[in-house]
Amino acid sequence: MSDEKHPSAKDYAAPQPSDWCAGCGNFGILRAIQGALAELALPPGQVAVFGGIGCSGKTPYYLTTNGIHTLHGRVLPFAQGAKLANPALTVLAVGGDGDGLSIGAGHFVSAARRNVDLTYILFNNGVYGLTKGQFSASADVGSKSKKGEANAQAPIDPVLLALSLGATFVARSFSG
């Protein structure tokens, strides 16, 4: 580490390069996670980052913490299980809007209601980028697909959903 008491964000950066697309917002999210871990001076061995499916699910590979790649839509049950088994562990779960608001929506609801002491970071871009660009559950009405089709369904708002379920801390940011 840079300094035993004051690690830098670079101390949490894994050596392998990312395969995310240039300009992707995931880079900003990763840098924010690395900066937060450094600011909190958390030893990498006492942090576990659970990733879901899709581009966001690769996040644990780019950190020097413990990393676990889980099943589609199931990142939150895995992360909650780890926290319940080891309460001293700092647990982060990361997943995309498809992972958390579509196939994993029931787990999102359950996790928000249970308020297990973990951090869930939802990468919300409104699209399934790895599967030809279909709309996700959070896509804005009228947004266009790669094929030019307009989304007709109202989006799920993860912030309002989490607040309505009683989550104790909810925040929203922009990765740009």
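Thr59 sits in the loop between strand S1 and strand S2 (66–69). Helices and strands here are DSSP runs, numbered from the N terminus: helices are H or I with at least four residues, and strands are E with at least two. The model is predicted, so local features need pLDDT of at least 70, side-chain atom pairs count only at pLDDT 80 or more, and totals for chains, interfaces and linings use all residues. Residues are numbered from 1 along each chain as its sequence is written, and side-chain values use heavy atoms, with hydrogens and water left out.

Is Thr59 buried or exposed? Its relative accessibility is 0%, so Thr59 counts as buried. Buried means under 20% relative accessible area, exposed means over 50%, and partly exposed lies in between (1.4 Å probe, protein chains only). Which residues touch Thr59, leaving aside its neighbours within four places in sequence? They are Trp20, Leu30, Ile33, Val94 and Phe123. Contact means heavy atoms within 4.5 Å.

## Helix H2 and its buried face

Helix H2 covers residues 75–85. Its buried residues are Val75, Leu76, Ala79, Gln80, Ala82 and Lys83. Seen down the axis of H2, these residues fall within an arc of 160 degrees, so they line one face of the helix. The arc is that of the directions from the helix axis to the C-beta atoms.

Leu84 and Ala85 are exposed on the other side of H2. What covers the buried residues of H2? The cover includes strands S1 (47–51), S3 (90–96) and S4 (119–123). It also includes helices H3 (97–101) and H4 (105–114).

The buried residues of H4 are Phe108, Ala111 and Ala112. Viewed down the axis of H4, they fall within an arc of 100 degrees, so they line one face of the helix. These buried residues pack against H2, H3, S4 and H5. Gly106 and Arg113 are exposed, on the face of H4 turned away from its buried side.

Asn115 is partly exposed, with a relative accessible area of 31%.

## Ala41, another positive phi

Ala41 lies in the loop between H1 and S1. Phi of Ala41 is near 55 degrees, a positive value in a residue other than glycine. Ala41 is partly exposed, at 33% relative accessible area.

Cys24 is in no disulfide, and the nearest cysteine sulfur, that of Cys55, is 6.1 Å away.

Cys24 is partly exposed, with a relative accessible area of 27%. Cys55 is partly exposed too, at 26% relative accessibility.

Pro17 is found in the segment before helix H1 (26–39). Pro17 is exposed, at 68% relative accessibility. Pro17 and Tyr62 are 45 residues apart in sequence, and their C-alpha atoms are 7.6 Å apart in space.

Ala152 is found in the loop between strand S6 (134–135) and helix H5 (158–164). Ala152 counts as exposed, at 72% relative accessibility. Ala152 and Leu40 are 112 residues apart along the chain, and their C-alpha atoms are separated by 43 Å.

## The second largest pocket

The second largest pocket holds about 290 Å³ of space. It is lined by 18 residues, and the closest to its centre are Asn125, Gly126, Ser138, Ala139 and Asp140. On a 1 Å grid over the protein atoms alone, a pocket is an open set of points where a 1.4 Å probe fits, with protein on both sides within 12 Å along at least five of seven lines; lining residues have an atom within 4 Å of a point. Grid points are joined across faces, edges and corners, and the volume is the space filled by probe spheres set on the points.

The lining divides into six nonpolar, seven polar and five charged residues. Ala, Val, Leu, Ile, Met, Phe, Trp, Tyr, Cys and Pro count as nonpolar, Asp, Glu, Lys and Arg as charged, and the others, Gly among them, as polar.

Definitions and conventions:
Disulfide = S-S within 2.5 Å.
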